[in-house]
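Dear colleague,

Please find below the structure that I am handing over to you. My notes on what was found in it follow directly after.

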Amino acid sequence: MFRPRLDEQLKMQHPLIRLAGLMDWELIEHHFAGHFTSGRGRPALPPRLVAGLLYLQHANDASDEMVVNTWLENPYWQFFTGETYLQTELPIDPSSLTRWRKRIGEEGVELLLAVTIEAARTAGLIKRASLDKVIVDTTVMPKAIAHPTDSRLLERSRQHMVKFAQDHGLSLRQNYNREAPRLATQVGRYAHAKQYKRMRAAIKTLRTRVGRVQRDVQRQLAKLPEQVQTKGHDLLQRVGRILTQKTKDKNKLYALHAPEVECISKGKARNPYEFGVKVTLATTLKEGLVVGMRSMPGNPYDGHTLDETIEQVGILANQRPRTVMVDKGYKGAEVEGVQILRSGQRRGVTRTMKAMIKRRSAIEPTIGHMKSDGRLDRNPLKGALGDALHAVLCGAGHNIRLLLSLLRLFVAHLRAIVLAWLGRSASGYTRQVALAAA
């Protein structure tokens with residue numbers, strides 16, 4: 001009853017508080033409320049709390065646990081998520097964020113991205129004309145997996161099958177718990193010493209041991225309940241792919257727990273191959289605001305993703321772009337009603353078009369910031385749905401960082417104007433009051 005409110009204690013000119021006033025929380029609450037139609041049981045969490053935590057998580061490169069713990073320590077984060085009074089207990093269990101992401105799905109996270117675009121329009125970061133010209137590019141969003149090697153994949157397959165047998169009471173003839181790890185370690189040592197004949201022999205032996213365990217589990221699988229059999233068949237099918245795949249095969253399995261991972265060659269000297277999923281990205285030409293972002297499973301050709309990207313921009317920003325700047329990887333791509341400008345284009349290029357083509361490279365540092373400052377560099381979410389959700393949320397987090405940077409500049413500019421207006425003749429108390437009001 002006698003606790004002071006947060007707006008009476010905090011600095012209301014703080015960028016995060018100003019940003020909270022720009023966001024359309026009512027739209028988010030109205031949309032998210034549809035995921036909870038039951039009137040029984042414990043009340044659902046406030047949608048603004050969950051949406052705010054997702055924004056803060058991807059704007060500050062924080063894990064589920066870190067964002068919840070930091071929320072407890074930072075009153076500005078609490079105000080941003082809709083709290084009226086200072087809270088001294090954790091708002092939710094970190095696992096609740098996982099369940100919320102699954103509930104809202106790709107449509108829900110696209111709404112979060114659309115709200116940041118509308119907030120940028122309200123704040124004056126972009127104008128309506130800014131959405132006429134966009135830059136489109138693709139990048140790789142790496143998955144949170146270990147670097148795939150034959151020995152590692154074989155050893156992990158054996159460990160999963162042995163654990164499956166132990167959990168369901170299957171008696172294996174031999175589990176190779178001592179020999180197989182030693183073989184996997186020896187493979188790496190032989191490779192380091194460039195003793196490739198011995199390395200291949202050790203891999204062959206390890207593959208034989210894993211195949212024995214696989215056949216042993218397969219023979220006893222009929223004893224188990226039908227639901228467990230389905231889980232066992234799925235595990236054995238993945239192990240079978242690892243046992244039979246060759247070096248130059250297509251559609252290889254690079255992680256036992258993440259079959260959706262693809263090997264994408266980017267031609268970089270420091271990192272020629274990346275393991276994850278291709279992501280397409282669209283930003284405004286001048287401001288660099290993300291107006292479209294989507295995962296593209298199957299490693300499609302860049303030009304084939306352009307139509308979907310432009311369609312998503314039109315849905316999220318309520319305005320279809322007229323001119324799109326792309327790189328040479330989009331050669332041959334055409335979209336009806338949209339002008340496509342490519343890097344290196346010479347024929348029919350005016351001075352204005354040449355300047356826009358030169359500006360296309362501005363999307364590269366945007367991707368770099370999303371990987372270094374955001375969470376695009378490593379996706380911890382599971383499955384193809386996790387890829388889709390994580391990509392869109394990374395775009396929303398980048399927009400939040402841009403808006404906060406703009407608001408910081410606005411506050412600093414306002415303070416400078418007040419100081420210049422007061423001049424040196426004003427007393428120290430007058431200056432202090434005027435700065436506080438600013």
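**Aromatic residues and the core**

W25, Y55 and F80 form one aromatic cluster. This is a predicted model, in which local features need pLDDT of at least 70 and side-chain atom pairs count only at pLDDT 80 or more, while totals for chains, interfaces and linings use all residues. Residues are numbered from 1 along each chain as its sequence is written, and side-chain values use heavy atoms, with hydrogens and water left out.

Rings of Phe, Tyr and Trp (for Trp, the six-membered ring) are taken to pair if their centres lie within 6.5 Å; planes under 30 degrees apart count as stacked, over 60 as edge-to-face and the rest as tilted. By this rule there are four aromatic pairs. One of them joins W25 and Y55 edge-to-face, at 6.4 Å centre to centre and with 70° between the planes. W25 belongs to helix 2 (residues 25-32) and Y55 to helix 3 (residues 47-59), so that the pair links distant parts of the chain, 30 residues apart. Helices (H or I, at least four residues) and strands (E, at least two) are DSSP runs, numbered from the N terminus. W25 and Y55 are both buried, where buried means under 20% relative accessible area, exposed over 50%, and partly exposed in between (1.4 Å probe, protein chains only).

A further pair, F32 with W100, is tilted, with 5.9 Å centre to centre and 45° between the planes. Because F32 lies in helix 2 and W100 in helix 6, this pair ties together parts that are 68 residues apart in sequence. Both F32 and W100 are buried.

A nonpolar core is a set of buried Ala, Val, Leu, Ile, Met, Phe, Trp, Tyr and Cys residues joined through side-chain atoms within 4.5 Å. The largest such core has 87 residues, of which L19, M23, Y55, F80, L306 and V324 touch the most other members. Helix 6 gives the most to this core, with twelve residues. Another core, of 31 residues, lies apart from it and includes L170, L183, A202 and L224.

Contact means heavy atoms within 4.5 Å. Leaving aside neighbours within four places in sequence, M23 is in contact with Y55, F80, V115, T116, A119 and I400.

**Helix packing and strands**

Helix 6 (residues 95-123) packs against helix 11 (residues 306-317) at an angle of about 65°, with the axes 9 Å apart. E110, L113, A114, I117 and R121 of helix 6 meet Q312, L316 and A317 of helix 11. Axes are lines fitted to C-alpha atoms, for helices over the stretch in contact, and angles run from 0 to 180 degrees between N-to-C directions.

Strand 1 (residues 133-142) has nine of its ten residues buried, so it is largely enclosed by the rest of the structure. Two strands pair if DSSP finds at least two bridges between them. Strand 1 runs parallel to strand 5 (residues 323-326), joined by three bridges; K133 has T323 of strand 5 as its bridge partner. With strand 3 (residues 273-284), strand 1 pairs in the antiparallel sense over nine bridges, and there D137 is partnered by L281.

**A loop residue**

Y85 lies in the loop between helix 5 (75-80) and helix 6. Y85 is partly exposed, with a relative accessible area of 33%. Not counting residues up to four places away in sequence, Y85 touches R3, P4, R5, L6 and Q78.

With kind regards
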